[in-house]
Amino acid sequence: MTEEAKILENIRQNVEMGIDGINTVRKKVKDEQFLALLDEQRSEYRNILAETGNRLHSIDAPVETLSDAANVYAKIFTAAKTLVYTSDSEIAEDMIKGTSMGITKLTRHLNDACDISESTRDFAEKLVKTEEKNIEDLKKFL
């Protein structure tokens, strides 16, 4: 897999995890403004996911998925965590942690990548900026 495809695949996984996380916690959120923010973030992620798919397709890169076992484990872990949420603040905190992990992973991949197009680098950096903004927005609900 080329470096270009690896970056795009990392972006795809990042936003898919964001979408899954939002879908999982939505039913626990009590504050309508918080719910609206999560819906807005999920919409952003869906747009980025579509663009990532187009970019992967344009370079004839296969779209990889998490293994079934890893995917099931992630969903079980996330679902179990939602059982202990007692407040929107706890949900916001976990969303911030997950978003921060995504930023760290993508930034590490970007720093290691030497052979990617400027367009892909800009696209990845745009996601990092989006994620940083999402964290700032989530802080209001801590």
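**Arginine 42 and the helices around it**

Arginine 42 has a relative accessibility of 14%, and because buried means under 20%, this residue counts as buried. The model is predicted, and its protein has five helices and zero strands, with the elements running α-α-α-α-α from the N terminus on. Of the 142 residues in the protein, 41% are buried.

**Setting of arginine 42**
- Arginine 42 is part of helix H2, which covers residues 32–58.
- Leaving aside residues up to four places away in sequence, arginine 42 touches Ile19, Ile22, Asn23 and Arg26.

**Packing of H2 with H5**
- H2 packs with helix H5 (residues 118–139) at an angle of about 170°, and their axes lie 11 Å apart; the two helices are therefore roughly antiparallel to each other.
- By class, the contact of H2 with H5 has eight nonpolar, six polar and seven charged residues.
- On the H2 side the contact residues include Phe34, Leu37, Leu38, Tyr45 and Ile48, while on the H5 side they include Phe123, Leu127, Lys133 and Asp137.

**Helix H4**
- Helix H4 (residues 88–112) has 25 residues and reaches 36 Å from its first C-alpha to its last, which is close to the 36 Å expected at 1.5 Å a residue.
- Among the buried residues of H4 are Asp88, Asp94, Ile91, Met95, Thr99, Gly102, Leu106 and Leu110.

**Whole protein**
- Among contacts between residues at least 6 apart in sequence, 83% join residues at least 24 apart.
- The accessible surface of the protein comes to about 8300 Å², and carbon and sulfur atoms account for 54% of that surface.

Conventions. Residues numbered from 1 in each chain as written. Predicted model: local features only at pLDDT ≥ 70, side-chain atom pairs only at ≥ 80, totals over all residues. Heavy atoms only, no water. Helix = DSSP H or I, 4+ residues; strand = E, 2+ residues; numbered from the N terminus. Buried < 20%, exposed > 50% of the residue type's maximum accessible area, 1.4 Å probe, protein only. Contact = heavy atoms within 4.5 Å. Expected span 1.5 Å × (residues − 1). Axes fitted to C-alpha atoms, helices over the stretch in contact; angles between N-to-C directions. Parallel < 35°, antiparallel > 145°, perpendicular 65-115°, else oblique. Nonpolar A, V, L, I, M, F, W, Y, C, P; charged D, E, K, R; others polar. Areas by Shrake-Rupley, 256 points an atom, 1.4 Å probe, with all protein chains shown as cover.
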